[in-house]
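Student: Could you take me closely through one hairpin and its surroundings, giving the cut-offs behind each term as you go?

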Amino acid sequence: MSDAQSQGSQNQGDQSLADLGIEGGGSQPNAQPPAYTLEDFLPVLLTLLTPRKALTTVPTFTPKTFADCIQLYTDGTNFFLYVFMNGTWHTFPASPVSQIIAGDSAIGISPSSGTGAVSIFNLGVKSVLPGTNISVASDGAGHYTVNATAPAAALYASGLVTQAGNDNTDIVVLHGLGVKPKLLKVTATYGGSTPAYGWSSGTFDGTNYAEIMMWGVVTSGGAAGSATDRIIHITQGSAGTFACTASMDSTQFTLSPTVAGSPGLTGDVNILWEAYA
């Protein structure tokens, strides 16, 4: 082989290495290319021929070869491609989002296809409709007030109690509601042998009284009236009077009688009570 042929062969070898990104010695007249052999490339070739197993932890190491700069990672559900560039690992999902689909009627997207540059926005509540035992009020500015209109279940108890019309002992009744009544209602009656009668009905809400009454005695007359300072008023005129005020709590209510007359109302006053909570 002539010197010219030898030199041309060397330049062709250097050019081939340069095409691979490996510097040869072609730029200098007497430079020799690096002595690479097939064995130098076998590790890389074997790596390319063998499927790479996905990592189960995110790569954080610094690669020493180009092949190590490309890693596969999975968390068991999602799959990612990790590439080491400029001293940092960068990740790409193996199944990128290709479309976004709007949810219910309060969520919108633009463009509607969900592709390209996508904007997601809240369309807001369009209307609130009242239902059973529900009322809705709007201030006209998109604000709604929802209220329950179902009546609260009333607690109720009632019973009977009797006491002599000339006995001023407090009458204590366990109403059993478990809460303080909102209203106590009492109806009282009295009868005498003359013949005579007395009737009274009243209410007490814990503060205020309202009461009506009437009475009569054959051959003597009778009367009717009302009051706001007591819950019971039974009378037989000058013969005697049985009047009560009240108090109550979550356990009981108390009727406190004031009696008058001599000998007073010697018969029983019959009391029907009703407690509401």
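Tutor: In the hairpin of S1 and S2, four residues lie between the strands, and Gly 76 takes a positive phi near 100°. This is a predicted model, in which local features need pLDDT of at least 70 and side-chain atom pairs count only at pLDDT 80 or more, while totals for chains, interfaces and linings use all residues. Residues are numbered from 1 along each chain as its sequence is written, and side-chain values use heavy atoms, with hydrogens and water left out.

Strand S1 covers residues 70-74 and strand S2 residues 79-85, and the two pair in the antiparallel sense over five bridges; strands here are DSSP runs of E with at least two residues, numbered from the N terminus, and two of them pair if DSSP finds at least two bridges between them. Within this pairing, Ile 70 stands opposite Val 83 in S2.

Thr 74 also belongs to strand S1, and with a relative accessibility of 14% Thr 74 counts as buried, a term that means under 20% relative accessible area with a 1.4 Å probe and protein chains only. The side chain of Thr 74 reaches the backbone oxygen of Asn 78 at 2.9 Å. Leaving aside residues up to four places away in sequence, Thr 74 touches Ala 54, Leu 55, Thr 56 and Phe 79, where contact means heavy atoms within 4.5 Å.

Technical notes
Buried means under 20% relative accessible area, exposed over 50%, partly exposed in between (1.4 Å probe, protein chains only). A polar contact is a pair of N or O atoms within 3.5 Å; within protein, one must be able to donate a hydrogen and the other to accept it, and residues adjacent in sequence count only if both atoms are side-chain atoms.
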